[in-house]
Amino acid sequence: MLSFRLIAFDSMGVRSMATVVETKDVKIFIDPSVALAPKRFGLPPHDREVERMYELAKVIEEEALDSDVIIVTHYHYDHFDLGHKVSLKVYEGKDVLIKHPKENINRSQRVERAPLFLKSIEGLPNRIEFADGREFRFGSTSIRFSEAVPHGTNTRLGYVIEVLVESEGERFLFSSDVEGPSLDEQVRFIEEADPHVAVIDGPMTYMLGFRYSKESLRVSEENLRRILDLPSLELLVLDHHFCRELEFRERVPSISNMFKTAAEASGRRNELLEAMRRELYGR
Ligand SMILES: [Zn+2]
Ligand SMILES: [Zn+2]
């Protein structure tokens, strides 16, 4: 038995990839946080986004409190929180598996965010493990991590670790912030995992031609086709950076009806509030 719940995602109106994976042995929370774009179209978050953020933060907190294992894939505030929106109590007594805070990490995460995080959860967890490239077992459940792979198309924003949960032959893959994926090292872990369900941070098309190249989009679409062709794959979820503009489906014409957003996969309608920010303000 392996089940998952997509708790908070960009298709639900916030910046997040907060996800619960549950097996017969263990309940795992991946990246228990939520954030909003400080500025989009020159506008600050709309009240509806703020409301949604606190609504989902509450769900994250409840689910994380009730988990055995908490994973943090990198030190961006949409993936970990310092207790502002999600209480630090969620780390109490937990096995906390985190991206290495000193190796393969960019400057701002290494000198500022990771130490701040470790300081704020000090003494709370049952144990803290640096997870890069490692495997952990809980009964018959395995949690395997990729080596650190670039956050997006280069390492300017640092590195993330991808996560594979396996129980009784069922495999669930969480890519974290790969923005595509467009790099071989990001795709390799997914291909070797051959997951049944893959939850992937899709191409960052809202920055197309600016901080995301057409070539990166082309390569990502090709890689996503390869992932869709994996023997075990049953469900591909694309979300996060991909769901920051309303036309996301048209950006990947060759696979436009072969994936779901996190909202769609959860039986909700898409509410890309950040992408709709101008409309929310009535402009
Ligand atoms: Zn990130
Ligand atoms: Zn992110």
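Which residue takes a positive phi just after α3? That's D194, with a phi of about 45°. Keep in mind that this is a predicted model. Below are some spots to look at, starting with that helix.

**Helix α3**
- The helix covers residues 184–193, and its buried residues are Q186, V187, F189, I190 and A193.
- Looking down the axis of α3, you'll find those buried residues within an arc of 155°, so they line one face of the helix.
- In general, an α-helix has 3.6 residues a turn, so residues three or four places apart point the same way.

**The open sheet**
- An open sheet is built from 6 strands in the order β1-β2-β3-β4-β5-β6, with mixed pairing.
- Its edge strands, β1 and β6 (127–130), each pair on one side only.
- From one strand to the next, the twist averages 15°.
- Helix α1 (residues 47–65) packs on the sheet and touches β1, β2, β3 and β4 (69–72), its direction making about 150° with that of β1.
- β2 (residues 17–23) and β3 (residues 27–30) pair in the antiparallel sense over 4 bridges, and T19 has I30 in β3 as its bridge partner.

**The start of the chain**
- M1 sits in the segment before β1 (2–9).
- M1 is exposed, with 9 other C-beta atoms within 10 Å.
- Leaving aside residues up to four places away in sequence, M1 touches T23, K24, S167 and E168.
- M1 and D25 are 24 residues apart in sequence, and 9.4 Å separates them in space, C-alpha to C-alpha.

Definitions and conventions
Residues are numbered from 1 along each chain as its sequence is written. Chains are lettered from A and ligands numbered from 1 in the order in which they are written. This is a predicted model: local features need pLDDT of at least 70, side-chain atom pairs count only at pLDDT 80 or more; totals for chains, interfaces and linings use all residues. A residue is buried if 20 or more other C-beta atoms lie within 10 Å of its own, exposed if 12 or fewer, and partly exposed in between; C-beta atoms are placed from the backbone. Helices (H or I, at least four residues) and strands (E, at least two) are DSSP runs, numbered from the N terminus. The arc is that of the directions from the helix axis to the C-beta atoms. Two residues are in contact if their C-beta atoms, placed from the backbone, lie within 7 Å. Two strands pair if DSSP finds at least two bridges between them. Axes are lines fitted to C-alpha atoms, for helices over the stretch in contact, and angles run from 0 to 180 degrees between N-to-C directions.
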